Amino acid sequence: MDYKKIEKLYWDQGFVIIENFFSQNEVNLMKCDFDNILDQARNFKSTSEYKKSVFVLDSNHSSEHPKIKRVNWCIEIAQYLKKFSSKPNLIKLIAKLLSSEQIEQIICQTHYKIPEDGVRYPWHQDTQKDKGVWKDKNGKGSFVLAMIAIDDCNKKNGAVKVIPKSHNYGTLNIETDQFNETNHKKVLPLIKKYGIEYIEMNSGSVALMGPYTIHSSEENMSKHSRRMLMSGYIFPGSQIREKNNKMNYRTLSI
């Protein structure tokens, strides 16, 4: 693996795609976990917590027609997602980007994008998720999101799309989960300047992205699911943990 090339692309564009990072056997094991979690979701009528994992479900979710926005901290109920989201060469690479031999995993989410489930995400930056409890400790964002492709990702099935180089503008207060005119006005000039790039990749590939990169995704318009594991890592101490803070995390070292 060419670490220097990966780092250069990551810092130049705000993201980088690494094709075929996981073997087909590893992908198949992760698919089994995704299937098991989907079966578990059928047991819930609305957003629910189960063994520290949180099933975030759409209002019209049902057992017959599951509509899952995401399942947070899924590694509590999925042994292979836990194993491969801490795969040594992945952690080594992320640790290099975070400039630390020790990192903390704070996000591990299953995203399904089942055909016709209507799940989509507006333009946003990941820095907006933790207002008041987040601090950039290393001056480089202190956060890396790994997007692990369980299925092939393309425009038709709702691949993540990004605005290249938007990370250079820092936090723009683009609110998560809000499709509104204010966000549109902030994003439009950057789209005109840099365009939009889709993170299209094969199953088993991984894309890495920083916290300031503006990204979104549309609903799945194909006949096949677009499953993806979203796993987030931080520079130690970037997330302020107050009393009664239920945020899950685990410490990883290279």
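The questions below concern a helix and the nonpolar cores.

Modeller: This is a predicted model, in which local features need pLDDT of at least 70 and side-chain atom pairs count only at pLDDT 80 or more, while totals for chains, interfaces and linings use all residues. Residues are numbered from 1 along each chain as its sequence is written, and side-chain values use heavy atoms, with hydrogens and water left out.

Colleague: Which residues are buried in helix α1?

Modeller: Helices here are DSSP runs of H or I with at least four residues, and strands are runs of E with at least two, numbered from the N terminus. Buried means under 20% relative accessible area and exposed over 50%, with partly exposed in between (1.4 Å probe, protein chains only). On the other side of α1, K4, K5 and K8 are exposed. In α1, which spans residues 3-13, the buried ones are Y3, I6 and Y10.

Colleague: Within what arc do the buried residues of α1 fall?

Modeller: An α-helix has 3.6 residues a turn, so residues three or four places apart point the same way. The arc is taken from the directions from the helix axis to the C-beta atoms. The buried residues of α1 line one face of the helix, because they fall within an arc of 65 degrees.

Colleague: Which residues touch the most other members of the largest nonpolar core?

Modeller: A nonpolar core is a set of buried Ala, Val, Leu, Ile, Met, Phe, Trp, Tyr and Cys residues joined through side-chain atoms within 4.5 Å. Of the 44 residues in the largest one, those touching the most other members are L81, I94, L208 and Y233.
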